[in-house]
Structure formats: structure tokens, C-alpha cells
Amino acid sequence: MYTQGLDQAGKSDPAGAETKAQLDAFQARVDAEEKIEAKDWMPEAYRRTLIRQISQHAHSEIIGMQPEGNWLTRAPTLKRKAILLAKVQDEAGHGLYLYGAAETLGISRDRMVADLLSGKAKYSSIFNYPTLTWADIGAIGWLVDGAAIMNQIPLCRCSYGPYSRAMVRICKEESFHQRQGYEIMLTLCRGTDEQKAMAQDALNRFWWPSLMMFGPSDAASKHSAQSMAWKIKRFSNDELRQKFIDVTVPQAEYLGLKVPDDKLRFDEETGHYEHSDIDWQEFFDVIAGNGPCNEQRMAKRRKAHDDGAWVREAARAHAAKRAKAAA
């Protein structure tokens with residue numbers, strides 16, 4: 001979708017010799033809602049912020065295939081298998097779009113993957129939780145993809161053009177994923193008592209990790225303020241989290257499920273739901289690599305990377321052969 005070579009003209013001075021005039025002109029373009037393109041001049045900090053965010057987004061899409069792939073052979077019907085297979089395939093495509101968008105900023109895909117495999121790069125904490133029952137696939141679609149949409153729709157207006165354009169298609173597909181998950185939950189809640197209990201259990205386990213997906217509180221977030229000034233982000237973590245809660249609680253009520261938060265209540269004055277404090281220690285533990293499935297997820301990703309080495313070698317050999325023939 002994008003190529004790394006597009007970016008070379010827009011690189012900032014690696015020595016960091018950015019003038020005030022350059023920075024002011026760049027911010028003026030951002031404030032005027034102009035799209036920054038790969039060949040345009042940009043501050044090095046802007047470039048680094050985008051590389052960090054886009055590559056982590058791409059890693060999350062790829063790692064996120066694992067918890068759902070766990071149920072590809074065990075989905076309850078052939079139709080469910082086909083839908084889930086299509087969804088997992090979509091996630092792989094999202095990862096490719098995003099790696100391509102990041103490459104326009106001058107970083108190679110090999111470097112991004114190496115950073116993931118070494119543990120230097122992070123991915124969304126939600127994917128370090130296990131999928132124990134079929135209801136978990138519904139909860140992931142409804143809650144996890146629902147939270148992703150809340151995060152990602154504003155990215156369609158991101159100031160960096162390649163990222164914003166990639167997000168348009170991704171958000172359309174994520175919308176399908178969210179509806180698919182909610183339909184699974186609806187089917188279970190209209191089924192037997194055991195099926196509804198399974199849906200409730202999935203909600204109990206995925207509710208809080210889904211809220212953590214929006215990142216740390218605004219007070220603890222290191223990057224939000226600058227990212228919002230650059231219009232990479234349009235809303236703060238806490239704003240997006242609150243919007244998600246306000247939208248999702250009525251959906252749970254329609255299903256006949258109880259959100260696992262005894263302090264949850266609707267405030268007529270503010271028009272928002274109040275909720276309990278999030279266990280941020282759990283969030284930071286999972287991000288640090290100490291979640292239920294961190295080691296398992298990374299072990300599988302490293303094995304898949306190693307098993308695919310021959311494909312990469314063959315692709316490079318084929319490219320070299322074609323280049324030689326063209327020359």
C-alpha cells in the first residue's frame with residue numbers, strides 16, 4: 001500500500017537542527033488541518049511518535065490474530081468458522097496496511113518486526129488475555145473491537161496522510177467485527193441459561209482489560225498532550241474511554257448482562273456513566289510482560305517468524321532475479 005522510498009525527501013536533519021521557523025510553519029499546517037505527507041518536512045519528534053504509534057498498532061493487529069485463531073477449528077458451526085476465518089484474515093491485512101504506512105516514515109518492516117520480537121516494541125495489552133470459551137470470541141468482537149473503533153475513527157482525521165487513509169478501510173472492517181461479536185453475544189443471551197452464563201463470564205473477564213485498551217489515564221500519559229497538539233490524536237485517553245462506557249453499558253443492558261462494576265451509575269447531570277477506578281497496576285504489569293499470555297503470544301510469534309524465513313528468502317531471491325532481468 002505504501003513504500004518506504006516515498007519518504008526520503010521529507011527527512012528532518014538527523015542532528016536535530018530544526019529551526020523555530022520550520023517548527024512554527026509545520027504547526028501552522030497542522031492547525032490548518034492540512035495533511036502531512038511522506039515527502040513533506042516534519043519534526044523528528046513527530047516522525048518518531050508516528051513510528052512508535054503506527055508500529056505498535058500494526059503489532060497489535062498481528063498478535064491479535066492469536067486469541068481468535070485459538071477458536072478457528074472449534075467454532076460451533078461452519079458459518080461461524082467461515083466468519084471468524086474472514087475476521088482473522090482482516091486483522092492480518094490491517095497489520096500489513098499499518099506496516100506499510102509506517103515504512104513511509106523511513107523505518108523498515110524488518111526493523112519493526114525485530115523490535116517486536118526482541119520485546120523492545122509493545123502491542124495492546126488486551127491480547128495477553130486467554131480466550132477460554134466461545135463467548136470470549138463474542139466479547140472480543142463486541143468489546144475489544146468496539147474499543148478499537150472508538151480509538152480508531154478519530155485516526156481517520158490524523159494529520160499524517162498515509163496513516164489516516166489506511167484507517168478508513170480498517171475502521172470499515174472493524175465495524176463489521178464489532179457487529180459480529182455483538183451478534184454472538186446476543187445469540188448466547190437468547191439461548192440456554194448455561195449459554196447466557198457463559199456470555200456473562202466473558203463480559204466479566206474482558207470488561208476491565210477493554211477499558212485499559214485506551215491507555216493510561218490522562219494524568220499518567222506521557223504522549224497524549226503532544227500527540228493532540230500535532231493532531232495525531234483527536235481525543236484524550238480518558239475522553240475516549242468515557243465515550244466507550246457510555247455507548248457500551250446500554251448495549252449490555254439490552255443483552256440482559258451486568259457490567260462487573262458495582263459503582264457504575266448514570267449521572268443525569270453530566271450525561272455520563274460514573275465507574276470504579278481502574279486497576280492500573282494490572283495494566284502496567286501486563287504491558288511489562290507479566291500478563292496471563294505474554295510469553296505464549298511472543299513464543300508463537302517468534303516461531304511463526306522463524307518458520308516463515310524460507311518464504312522471505314525466496315521472495316528476496318525472486319526480487320533480485322527480476323531486478324537483474326530488468327537491468
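Mentor: The model is predicted, so local features need pLDDT of at least 70 and side-chain atom pairs pLDDT 80 or more, whereas totals for chains, interfaces and linings use all residues. Residues are numbered from 1 along each chain as its sequence is written, and side-chain values use heavy atoms, with hydrogens and water left out.

Trainee: Why are α4 and α7 called roughly antiparallel?

Mentor: The axes of α4 (residues 78-103) and α7 (residues 161-189) come within 10 Å and cross at roughly 160°. Angles over 145 degrees count as roughly antiparallel (under 35 is roughly parallel, 65 to 115 roughly perpendicular, the rest oblique), and therefore α4 and α7 are roughly antiparallel to each other. Their contact is made up of 11 nonpolar, four polar and eight charged residues, where Asp, Glu, Lys and Arg count as charged, Ala, Val, Leu, Ile, Met, Phe, Trp, Tyr, Cys and Pro as nonpolar, and the others, Gly among them, as polar.

Trainee: What makes a space a pocket or a cavity?

Mentor: On a 1 Å grid over the protein atoms alone, a cavity is a set of points where a 1.4 Å probe fits but cannot get out, while a pocket is an open set with protein on both sides within 12 Å along at least five of seven lines, and lining residues have an atom within 4 Å of a point. The largest pocket holds about 1200 Å³, and of its 45 lining residues Arg52, Gln56, Met213, Phe214 and Gly215 are the closest to its centre. Its lining has 20 nonpolar, 15 polar and 10 charged residues.

Trainee: How many cavities of 30 Å³ or more are there, and which residues line the largest cavity?

Mentor: The search of the whole structure finds one, and the largest cavity has a volume of about 30 Å³. Its lining includes Pro67, Tyr129, Ile140, Val144 and Phe206, and seven of its lining residues are nonpolar, one polar and none charged.

Definitions and conventions:
Axes are lines fitted to C-alpha atoms, for helices over the stretch in contact, and angles run from 0 to 180 degrees between N-to-C directions. Helices (H or I, at least four residues) and strands (E, at least two) are DSSP runs, numbered from the N terminus. Grid points are joined across faces, edges and corners, and a volume is the space filled by probe spheres set on the points.
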